[in-house]
Amino acid sequence: KMYVTVMLVALADGSKLPSYMIVNSKIMPREQLPRRFNVTCHPKGWTANEPMKDWLAVVWNRRPGVLLQK
């Protein structure tokens with residue numbers, strides 16, 4: 001069985017950030033996953049420390065206008 005946690009984020013201005021998927025596995029699954037998702041693995045499929053740090057680097061810090069803010 002594959003359990004998945006999906007993070008969907010919309011900003012106050014109505015823009016949407018890319019989706020982020022956490023799969024309950026120690027290794028990436030062999031199945032072809034949709035390309036529109038940023039995918040990472042966690043043994044229990046949780047949003048723990050490491051997946052959250054990865055989300056900040058991959059999704060949050062790449063949002064439009066982030067370089068203009070201090």
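Two residues are in contact when heavy atoms of theirs lie within 4.5 Å. The structure described here is a predicted model, in which local features need a pLDDT of at least 70 and side-chain atom pairs count only at pLDDT 80 or more, while totals for chains, interfaces and linings use all residues. Residues are numbered from 1 along each chain as its sequence is written, and side-chain values use heavy atoms, with hydrogens and water left out.

Helices (H or I, at least four residues) and strands (E, at least two) are DSSP runs, numbered from the N terminus. Read from the N terminus, the order of the elements is β-β-β-α. Strand S1 covers residues 4–7, strand S2 covers residues 19–24, strand S3 covers residues 37–42, and helix H1 covers 49–58. Among contacts between residues at least 6 apart in sequence, 25% join residues at least 24 apart.

The accessible surface of the protein is about 5700 Å², and carbon and sulfur atoms account for 55% of this surface. Accessible areas come from the Shrake-Rupley method with a 1.4 Å probe; for residues, only the protein chains shown count as cover. A residue is called buried under 20% relative accessible area, exposed over 50%, and partly exposed in between (1.4 Å probe, protein chains only). The protein has 70 residues, of which 26% count as buried.

Leaving aside neighbours within four places in sequence, serine 19 is in contact with Met7, Leu8, Arg36, Phe37 and Asn38. Phenylalanine 37, in strand S3, is also buried, with a relative accessible area of 18%. Residues up to four places away in sequence not being counted, phenylalanine 37 touches Val6, Ser19, Tyr20 and Met21. The C-alpha atoms of phenylalanine 37 and isoleucine 22 are 9.8 Å apart, and the two residues are separated by 15 residues along the chain.

Valine 4 lies in strand S1 and is partly exposed, with a relative accessible area of 37%. Together with Met2, Val6 and Leu8, Val4 forms a nonpolar patch on the surface, and the accessible area of these residues together is about 360 Å². Patches are made of residues with over 30% relative accessible area and no salt bridge; like charges are joined within 9 Å, and nonpolar side chains (Val, Leu, Ile, Met, Phe, Trp, Tyr) within 5 Å.

One aromatic pair is counted. The ring centres of tryptophan 55 and tryptophan 60 are 5.9 Å apart and the ring planes are at 25 degrees, so the pair is stacked. Rings of Phe, Tyr and Trp (its six-membered ring) pair if their centres lie within 6.5 Å; planes under 30 degrees apart count as stacked, over 60 as edge-to-face, and the rest as tilted. Tryptophan 55 is in helix H1 and is buried at 8% relative accessible area, whereas tryptophan 60 is partly exposed at 28%. Apart from neighbours within four places in sequence, tryptophan 55 is in contact with Met7, Val9, Tyr20 and Trp60. The C-alpha atoms of tryptophan 55 and asparagine 38, 17 residues apart along the chain, are 8.6 Å from each other. Arginine 63 lies over the face of tryptophan 60, at 3.9 Å from the ring centre. A charge sits over a ring if NZ of Lys or CZ of Arg is within 6 Å of the ring centre and within 35 degrees of the ring normal.

Valine 59 is in the segment after helix H1 and counts as buried, at 1% relative accessibility. With neighbours within four places in sequence set aside, valine 59 is in contact with Leu17, Pro18, Tyr20 and Asn38. Valine 59 and valine 9 are 50 residues apart along the chain, and their C-alpha atoms are separated by 9.6 Å.

Side chains of opposite charge can pair when their charged atoms come close. One salt bridge (a side-chain nitrogen of Lys or Arg within 4 Å of a carboxyl oxygen of Asp or Glu) is found in the whole structure. The salt bridge is formed by glutamate 50 and lysine 53, with the closest N and O atoms 3.9 Å apart. Both residues lie in helix H1, three residues apart, about one turn of the helix. Glutamate 50 and lysine 53 are both exposed.
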